[in-house]
Structure formats: C-alpha cells, structure tokens
Amino acid sequence: MTDDFFSEGMAVLRIYTAEKDHYEGLPFYEWIVQKACSYGLSGATVLRGIGGYCLGNPVLAPQFHQIRINQPVVVEIIDKLTDLENFIKGIEETIPKGLMTLQPVAVRYYGKKKK
C-alpha cells in the first residue's frame, strides 16, 4: 500500500437525536443536514434505528401496539477533522441538547476515477 492509500486528518461526526425532535420548525436531523451543506461539508447520512433508549427518553423501542414511535436517528458526517470542529462550534450553542461523538477515521474513496 502507498502512503496515500487512506486519507489522513479525517474524522466522523455522529449526532444522536430522535425522530420526533424538531428545531426551527424542521425535524432536527434535517436541520443538521441543511447546516452541514451550508458549511460546505462533503455530505451527511441520516440513519434511523429500529429501537434504543436514552436517559431523557427511556423507551425508544418498537412496540407492536403503537403505530407511531419515536425512533432513534443518527446523522453521520465524514470530513476533515478541522472542518467538523468548525461545524460543531457553529451549531453547538444554538441547539438545545443532545449527544455528539467525533472520532478519527481512515477514508478511502473507491470506484473508477474520472479522467
């Protein structure tokens, strides 16, 4: 493998929320994605969990007798560590509460390269 096989200085930011959480009139996960786009980050993925729990909302597990549940949602963004740190600084004072993780990650792009 060559030294540039994986990109260095990259990180993954995960923001944990719930499906029914809203901010500024939008689902919170949608607000995060729009903000990430406005900061010029490379992209965001929204993942909906089938169940989970947290201290503030003890039961997020599916129950068959309910049609609508408050499923957990994770927004995942992979970009340069410095860009993610700037993004966090820009949004953390405006959001009410939540949990984020930021971890270094090795990134490799795959597929045919454009000429």
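Two strands count as paired if DSSP finds at least two bridges between them. Keep that in mind for the first view of this predicted model.

**View 1. Here is how β1 and β5 sit side by side.** These two strands pair in the antiparallel sense, over nine bridges. Pick out Leu13 and you'll find Ile77 of β5 standing opposite. In general, strands of a sheet pair through backbone hydrogen bonds, either parallel or antiparallel.

**View 2. Step back and four strands form an open sheet.** What is the order of the strands? It goes β4-β5-β1-β6, and the pairing is antiparallel. β4 and β6 are the edge strands, since each pairs on one side only. Ignoring direction, neighbouring strands here are turned by 20 degrees against each other on average.

**View 3. Helix α2 has one face lined with buried residues.** Which residues of α2 (residues 81-91) are buried? They are Leu84, Phe87, Ile88 and Ile91. Looking down the axis of α2, you'd see these buried residues fall within an arc of 100 degrees, so they line one face of the helix.

**View 4. Three aromatic residues, Tyr23, Phe28 and Trp31, are linked into a cluster by ring pairs.** A search of the whole structure turns up four aromatic pairs. One of them joins Tyr23 and Phe28 edge-to-face, at 6.4 Å centre to centre with 75 degrees between the planes. Tyr23 also pairs edge-to-face with Trp31, this time at 4.8 Å centre to centre, again with 75 degrees between the planes. Are these residues buried or exposed? Tyr23 and Trp31 are both buried, and Phe28 is buried too, with a relative accessible area of 6%. For Tyr23 the relative accessibility is 16%, which counts as buried because the cut-off is under 20%.

**View 5. Gly49 sits in a loop between two strands.** The loop runs between β4 (45-48) and β5 (72-80). Gly49 is partly exposed, with a relative accessible area of 23%. Where does Gly49 make contacts, leaving aside neighbours within four places in sequence? Gly49 touches Gln71 and Pro72. Asn70 is 21 residues from Gly49 in sequence, with 9.9 Å between the two C-alpha atoms in space.

Definitions and conventions:
Residues are numbered from 1 along each chain as its sequence is written. This is a predicted model: local features need pLDDT of at least 70, side-chain atom pairs count only at pLDDT 80 or more; totals for chains, interfaces and linings use all residues. Side-chain values use heavy atoms; hydrogens and water are left out. Buried means under 20% relative accessible area, exposed over 50%, partly exposed in between (1.4 Å probe, protein chains only). Contact means heavy atoms within 4.5 Å. The arc is that of the directions from the helix axis to the C-beta atoms. Rings of Phe, Tyr and Trp (its six-membered ring) pair if their centres lie within 6.5 Å; planes under 30 degrees apart count as stacked, over 60 as edge-to-face and the rest as tilted. Axes are lines fitted to C-alpha atoms, for helices over the stretch in contact, and angles run from 0 to 180 degrees between N-to-C directions.
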